[in-house]
2 protein chains.
Amino acid sequence: MNKEILKQLGDILGRDHLLTAPEELACYSFDGSGGDVPPQAVAFPENTTQISKIMQLANKYRIPIVPRGAGSGMTGGAVPLKQGLVLVMNRMNRILEIDRDNMIAVAEPGVITGELQATLKKQGLMYPPDPASLKFCTLGGNAAECAGGPSAVKYGVTRDYIIGCEAVMPTGKIITTGVRTEKGVTGYDLTHLLIGSEGTLVIFTKLILRLLPLPEAGKTFLLLFTCIDQAVQLVAELLQSGIMPCTMEYMDHTAISVVRDRLPSPLPEKTEALLLLELDGSRSEVQQQTDRLRKFLAARPVTLQEAENEAQRQRLWQARRSISPATFSLKPHKISEDVVVPRSKIPTLVRFTSTLAEKLKLIILTFGHAGDGNIHVNIMIDKNDPEEYKRGQEAKKQLFRQVITLGGTLSGEHGIGTTKATFLSLEITPETLELMWDIKQLFDPNNILNPGKIFIDE
Amino acid sequence: MNKEILKQLGDILGRDHLLTAPEELACYSFDGSGGDVPPQAVAFPENTTQISKIMQLANKYRIPIVPRGAGSGMTGGAVPLKQGLVLVMNRMNRILEIDRDNMIAVAEPGVITGELQATLKKQGLMYPPDPASLKFCTLGGNAAECAGGPSAVKYGVTRDYIIGCEAVMPTGKIITTGVRTEKGVTGYDLTHLLIGSEGTLVIFTKLILRLLPLPEAGKTFLLLFTCIDQAVQLVAELLQSGIMPCTMEYMDHTAISVVRDRLPSPLPEKTEALLLLELDGSRSEVQQQTDRLRKFLAARPVTLQEAENEAQRQRLWQARRSISPATFSLKPHKISEDVVVPRSKIPTLVRFTSTLAEKLKLIILTFGHAGDGNIHVNIMIDKNDPEEYKRGQEAKKQLFRQVITLGGTLSGEHGIGTTKATFLSLEITPETLELMWDIKQLFDPNNILNPGKIFIDE
């Protein structure tokens with residue numbers, strides 16, 4: 001990127017909103033997956049027009065553009081693999097509209113997910129997607145990755161709540177997709193094509209969100225097991241019994257060990273696995289579901305604890321959300337996967353990871369969204385130990401093969417990014433992959449928007 | 001289509017599965033929207049390989065291909081506008097798999113929606129999308145149009161239940177999209193791009209469906225109003241009060257008049273509008289919602305009737321589903337639209353249609369899915385009266401303009417097809433429309449698959 005281009009970028013953005021100093025660029029060289037490629041410049045646009053102009057410039061001069069929310073993604077989506085310009089969206093952080101009558105919100109992509117949720121809560125409304133990073137991740141990043149979270153088992157994921165958008169294409173063209181009504185089938189469903197496209201097709205500039213009424217009541221439970229098999233086997237049985245939790249988070253004994261101190265009360269020594277389970281709905285519904293749950297669990301080898309107040313509940317959640325960062329107490333690096341298997345296959349998958357850990361002499365922990373079969377598998381390694389690194393990569397490969405054999409998918413909510421691109425062909429046929437690449441080229445003929453993500457470089 | 005091509009088609013299909021006699025072709029010249037263009041031939045493929053071979057042939061010789069389910073679509077999707085070959089999917093009608101543990105079904109596109117639902121019901125499972133035509137329409141047609149129905153207010157539409165598919169592209173290439181798990185973000189979301197693409201991008205050959213547990217209980221109510229405004233105003237208020245019906249169907253006095261004889265009990269003379277409302281869920285939940293509903297309605301000017309048994313309930317539904325065909329007792333033809341407005345705008349829209357009817361001296365009735373703002377507007381005409389036909393077209397145009405002004409969309413579940421293609425640009429910007437057309441060309445470079453639908457011909 002030469003001086004002339006930088007000058008033009010400065011003219012578009014205002015000089016204060018363009019960074020070029022190496023020490024500043026270093027802050028944008030990584031995301032939640034690691035990475036250390038500093039971009040050549042970082043831009044902080046404030047509106048759609050600026051982004052359109054930047055894209056026109058980038059398309060003309062073939063400058064790689066990497067959109068960035070909070071950089072909390074887990075698969076390298078925000079890493080400027082080919083350098084170029086990082087577009088940080090955090091100045092576009094206004095909630096433009098909350099339409100209570102029609103249960104719709106319109107927001108810019110830089111809005112922090114948790115902040116939107118807090119604002120809505122005050123009005124008795126809910127936007128369900130709740131990734132563990134909700135206190136800092138953004139709606140735009142959530143849309144790009146199709147983020148999920150613990151509430152997905154009952155409420156679904158980001159794609160179920162974004163019904164329309166405004167976006168800028170790599171050519172600079174501005175498109176608007178979708179509707180602001182409950183239903184809509186006018187033309188092709190571009191909205192859903194864009195959600196989960198990992199910043200490779202467009203830059204979101206406005207999102208139309210579907211809202212729900214805030215549930216009246218909720219209860220949080222901890223189910224403690226002395227045997228991991230019992231925990232994972234219970235999941236499908238429980239859902240089939242007609243109990244519909246809004247959360248069903250699972251932790252194996254290693255996951256428990258890294259957050260043990262953060263739990264509200266000490267766990268029995270023999271706890272080998274736990275489920276964090278929440279019920280929500282109207283008061284009477286929650287009561288009825290609680291009665292059902294107690295009855296269902298009565299004859300089973302499990303200890304049930306109920307969070308007694310909001311503080312205990314918050315501590316439980318804090319512990320759950322801390323697992324991922326807390327794992328670094330075990331090893332300095334990790335290979336973090338968010339595979340999904342059909343619910344009934346969770347026991348098989350969890351047994352497989354145990355065997356794998358033993359066989360390859362690795363620490364592998366499993367936790368996450370058991371209710372929808374989306375299990376986070378963390379393979380802990382020290383990258384400076386080349387032997388261990390190699391065994392870690394081998395574990396990842398064997399894990400993916402097993403997941404596909406079980407009828408599962410490589411990623412439930414983190415996306416492919418750079419970390420899984422080489423494995424995509426395990427799951428997707430050559431014909432389908434070719435079609436995806438053709439779509440990428442249709443949107444982005446010069447491959448300037450987030451190049452090197454999802455697809456392996458030629 | 002010359003003899004040689006017909007011979008090749010016969011070789012692929014078996015001669016018994018190819019029709020060419022004029023009296024047979026006539027049966028495939030129309031769909032639920034009318035139409036009278038007979039195709040040159042009709043094929044009944046039985047598997048994906050045959051379809052792939054047919055598409056290769058069609059692509060080579062530029063033969064228009066029109067996929068057809070039950071032909072019950074309302075916007076011309078199955079009308080062979082450019083003649084060519086109609087592909088009737090009704091031999092591919094197997095339910096391939098019902099996986100109760102993982103709440104997944106796999107089915108061929110020719111399966112009749114209502115038959116799948118009946119089969120699932122026996123196993124305590126539910127596939128929610130319930131278009132009025134459910135007794136004869138097919139899953140493939142539902143997928144192509146992204147069909148909805150009365151249950152959409154609570155459960156959503158077809159796109160919320162199809163999570164993956166196998167499909168044949170116009171080039172003959174076979175692709176597989178999506179997952180068979182609750183979550184999945186691997187590569188672009190092609191599944192959703194294909195759903196609602198109105199048979200213009202691919203031919204579905206296999207569909208993976210997400211299922212729900214069958215609700216334990218349900219209650220059906222009829223709410224009678226002496227004033228139409230009160231009926232439509234109640235809708236948003238009721239949903240905001242925390243009551244979540246699984247159906248909230250509205251009929252104005254003209255809609256009532258055409259099915260009055262089919263209702264289970266006589267209505268009071270002064271009934272100007274009614275809402276057909278259903279609650280479902282666990283027994284206690286339904287009871288609680290019923291109590292809430294009675295309390296909510298107590299102070300309001302509405303008469304509440306409850307269906308006393310399954311027979312009464314079935315009659316109510318039969319009446320509701322008969323509205324569309326029964327309207328022909330008023331006039332021999334109709335312009336049938338399924339516009340959507342934000343829920344709070346329903347009163348404005350309904351008032352607008354009354355004024356429009358008066359101004360243009362037309363019979364216009366409104367009914368449909370009030371819960372999600374998807375109002376069916378039927379403009380009744382006699383096409384043989386050129387003046388009335390013209391006024392009908394004028395009413396349609398003014399209706400669409402008003403819907404867009406109110407922040408609505410042209411179609412909630414019927415699609416664009418041929419009947420609304422000229423109006424698409426009212427709602428979709430030139431940039432977005434161009435992108436949709438580019439996608440069409442990417443899939444179908446020779447424009448052989450369902451040409452003339454959605455997009456206006458050059």
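The expected span of a helix is 1.5 Å times one less than its number of residues; helices (H or I, at least four residues) and strands (E, at least two) are DSSP runs, numbered from the N terminus. This is a predicted model, in which local features need pLDDT of at least 70, side-chain atom pairs count only at pLDDT 80 or more, and totals for chains, interfaces and linings use all residues. Residues are numbered from 1 along each chain as its sequence is written, chains are lettered from A and ligands numbered from 1 in the order in which they are written, and side-chain values use heavy atoms, with hydrogens and water left out.

Helix α3 of chain B (residues 48-61) has 14 residues and reaches 20 Å from its first C-alpha to its last, close to the 20 Å expected at 1.5 Å a residue. After α3(B) comes B:R62, whose phi is positive, near 55°.

In chain A, an open sheet of 7 strands runs in the order β15-β12-β14-β13-β17-β18-β16, with antiparallel pairing (two strands pair if DSSP finds at least two bridges between them). Its edge strands are β15 (303-306) and β16 (333-340) of chain A, each pairing on one side only. Strand β12 (residues 217-225) of chain A pairs with β15(A) over 4 bridges, and A:L223 stands opposite A:L304 in β15(A).
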